[in-house]
Amino acid sequence: MPDSSIEKINCLIIGSGPAGYTAAIYASRANLKPVLYTGKEPGGQLTITNDVENYPGYPQGVMGPQMMEDFKNQAIRFGTDIRYEMITKVDFSSTPHKIWSETGHEIHANTVIIATGASAKWLGLESEQKLMNKGVSACAVCDGFFFRGQEVAIVGAGDTAAEEATYLAKLCKKVHLLVRRDEMRASKIMQERVFKTENLQVYWNTETIEILGEEGVEGAKIKNVLTGEISVLPVTGFFVAIGHKPNTELFEGQITLEENKYIKAVPGRSFTNVEGVFVCGDAQDHIYRQAVTAAGTGCMAALDAERYLSERNIV
Ligand code: NDP
């Protein structure tokens, strides 16, 4: 039975990764009494990673899910109202903005902070799913360190794959870059870096058939699609760098998106083209995509929301 009463709030946060929770911590401490909807993957992308060693303040490293639990508890400590539900519809055509949750609950919010993140694209192999976080990763900057001195493979042919392959080559004994066509989409300068790196071998027209191993990666079975030749690479790490998809479908038609579907923010700020709607984290960032940068922009969005409300004497 849908809930028919309308709830009026000052600040709605959509998303529960580092950006959303940081926005929640700042908004709660500024007395905006934020309500945060977690979405279907509470904690976001970090809940599908293992060790996080590059987030400042955790000298011994921390497990991704634990870190997000810490973020959440910090937000709760200052009074954030956390709801484990999806937002399924928004109407930003007038203020306050109207938002509906999956149960049909209607909210009128003076400010909305979008922190819905992005999702890595995967190859869709069963073995990839099975070995995720056991040697299969979509983030070389996050996980490359765990494979130093080892052989790894990376799939993709865009700027991310080129950048991550050269990054991995600095840490690993050998990097095998698997490209599905006979050319790379990456910019020429990035490609040149790839070709110049001695311990980086490019495999053209190559697809992955299976990632081998049970509890960890023990190899990758690949196929040259032109010759049909199948071979096994002796790798212990397997990186997927075939792009990310921002979680922004909900906002199509309501807010200006970039051509690549990321939300368009005013450079260096969290403002969108809609008054009172702010964006932070990976939903607006296809370049850095780090927990710490997401958290930083979450802070910016909450500060911008707070200023927006106080300039209008709303709080
Ligand atoms: P892109 O969408 O640019 O590239 C994805 C790549 O993955 C393509 O080459 C594609 O192959 C390949 N791919 C897709 N699906 C599969 C599959 N199933 N199997 C094998 N390969 C597959 O994503 P990126 O993340 O590389 O880049 C996103 C954006 O960010 C781009 O605009 C990029 O320029 C930018 N960027 C810029 C950087 C910089 O300037 N330093 C760094 C990183 C990203 P195919 O070519 O055959 O379609």
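I began with Asp304, which at 5% relative accessibility counts as buried, where buried means under 20% relative accessible area, exposed over 50% and partly exposed in between (1.4 Å probe, protein chains only). I keep in mind that this is a predicted model, in which local features need pLDDT of at least 70 and side-chain atom pairs count only at pLDDT 80 or more, while totals for chains, interfaces and linings use all residues. Residues are numbered from 1 along each chain as its sequence is written, and side-chain values use heavy atoms, with hydrogens and water left out.

**Entry: the partner of Asp304.** I found that the side chain of Asp304 meets that of Arg269 in a salt bridge (2.7 Å, N to O), a term that requires a side-chain nitrogen of Lys or Arg within 4 Å of a carboxyl oxygen of Asp or Glu. Asp304 lies in helix α7 (residues 291-311) and Arg269 in the loop between β18 (244-246) and β19 (277-279), so the pair ties together parts that are 35 residues apart in sequence; helices (H or I, at least four residues) and strands (E, at least two) are DSSP runs numbered from the N terminus. Arg269 has a relative accessible area of 35% and is therefore partly exposed.

**Entry: other salt bridges.** I searched the whole structure and found eleven salt bridges. Glu275 and Arg312 meet through their side chains at 3.5 Å, N to O, and this pair links distant parts of the chain, with Glu275 in the loop between β18 and β19 and Arg312 in the segment after α7, 37 residues apart. Arg312 counts as partly exposed at 35% relative accessibility. I also noted that Glu7, Asp81 and Arg83 are joined into one network by salt bridges that share partners. For Lys245 and Glu249 I recorded a salt bridge at 2.6 Å, N to O; Lys245 is partly exposed at 38% relative accessibility, and Glu249 is partly exposed at 47%.

**Entry: α1 against α2.** How do these helices pack? Helix α1 (residues 18-29) and helix α2 (residues 64-77) pack at an angle of about 20 degrees, with their axes 8 Å apart, and they are therefore roughly parallel to each other, a label for angles under 35 degrees. I looked up the residues in contact (heavy atoms within 4.5 Å): Pro18, Tyr21, Thr22, Ala24, Ile25 and Ser28 in α1 meet Met68, Phe71, Lys72, Gln74 and Ala75 in α2. By class, I recorded seven nonpolar, three polar and one charged residues in this contact.

Note on methods:
Axes fitted to C-alpha atoms, helices over the stretch in contact; angles between N-to-C directions. Parallel < 35°, antiparallel > 145°, perpendicular 65-115°, else oblique. Nonpolar A, V, L, I, M, F, W, Y, C, P; charged D, E, K, R; others polar.
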